[in-house]
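Biologist: Please show me the chain. I have some questions about its fold.

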Amino acid sequence: MKNYYELLEITPAATADEVKRSFRAQIAKYHPDKVQHLGKEFQAMAADRAAELTEAYRILSDEGRRADYDRAFAAGGAPSAPAPPSPAAARATASAEPYVQPARRPPVPEGTGPAGAQFRQERGTRDEFVRKATMGRLRVALASVGGTYDVADARGFDIALVPKKKLFSSNKNPRLLGRIVSTVDREAVADAWAHAAKWAGTDEACVLLMGTSLAPAGDLATEIGDQRKRHGKAGGGKLVLIPVDARDWEARMPLDAPPIAKTLLARLKSGT
């Protein structure tokens, strides 16, 4: 039996307004416009997730269905479908006093018991869906820009590429790194920068830091500027970090971004 509270990322104490706000925020992530650049397999997965979210909202947004669900979930069984109200009951409801929000339900310790285990599994499934979809699209785009890179390993990154060595000339492309996070914020920038600087050493490197949520542009610009100053004083090679919204491939492109990164992100955005 699915835990609809954790599917919507709310607690059992959530109010009706909180249920609505969370549903709208979650369903927006799987809107067809947000996943049209992904493969058909991932579009189907997004449609399935949207259906689950819609069902969760249908149950939790109705006081009667929610009460039945709570009792069934507490008993460890599946809730029975509530019978439709009779015409008399519907008329009585329509003429009743204005709705009063019921007392908030006591919170359940997060991450405990079978519900917590199920939530962790569902959260992991959703995160893995986003990761697979993003990396699949990225690999297709990389292949389309030419075979000028070899795959490498870099701790803390989902993908790492080094320029292929040429016999009679140097490959001027930078090393490329990709990391997927839930939210691209100052903490994520600082952590990705530290790992990238250590891996690249004195070589030039470019990091694509991708997420389905981005902090305000000003916060990211400030953190990137701070990291540049620290990195410059340490004497490392040139390092460029590009925050990318994995939902539509919009990038906060710095002026000194390498051409290969601009080409790659342009292909991702266009879907070609």
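Biologist: What covers the buried residues of α8?

Modeller: First, the basis: this is a predicted model, where local features need pLDDT of at least 70, side-chain atom pairs count only at pLDDT 80 or more, and totals for chains, interfaces and linings use all residues. Residues are numbered from 1 along each chain as its sequence is written, and side-chain values use heavy atoms, with hydrogens and water left out. Helices (H or I, at least four residues) and strands (E, at least two) are DSSP runs, numbered from the N terminus; buried means under 20% relative accessible area, exposed over 50%, partly exposed in between (1.4 Å probe, protein chains only); contact means heavy atoms within 4.5 Å. The cover over the buried residues of α8 includes β3 (175–184), β4 (205–214), α9 (217–234) and β5 (239–245).

Biologist: Which residues of α8 are buried, and how wide is their arc?

Modeller: Ala188, Val189, Ala192, Trp193, Ala196 and Ala200 are buried in α8. The arc is that of the directions from the helix axis to the C-beta atoms. Seen down the axis, these buried residues line one face of α8, because they fall within an arc of 125 degrees.

Biologist: Which residues are exposed on the other side of α8?

Modeller: An α-helix has 3.6 residues a turn, so residues three or four places apart point the same way. On the other side of α8, the exposed residues are Glu187 and Lys198.

Biologist: How far apart are the end C-alpha atoms of α8?

Modeller: The expected span of a helix is 1.5 Å times one less than its number of residues. For the 15 residues of α8 (residues 186–200), that gives 21 Å. The end C-alpha atoms agree with this, at 21 Å.

Biologist: Which elements cover the buried residues of α9?

Modeller: In α9, Leu220, Glu223, Ile224, Gln227 and His231 are buried. They cover an arc of only 100 degrees around the axis, which puts them on the same side of α9. Lys229, Gly232 and Lys233 are exposed on the other side. The cover over the buried residues includes β3, α8 and β5.

Biologist: In what order do the six strands form the open sheet?

Modeller: Strands pair if DSSP finds at least two bridges between them. The pairing in this sheet is mixed. β1 and β6 (250–251) stand at the edges with a single partner strand each, so one side of each is left without a neighbour in the sheet. The order is β1-β2-β3-β4-β5-β6.

Biologist: Which residue in the turn between β1 and β2 has a positive phi?

Modeller: Strands β1 (residues 149–152) and β2 (residues 159–163) run antiparallel, joined by four bridges. They form a hairpin with six residues between them. The turn residue with a positive phi, about 90 degrees, is Gly156.
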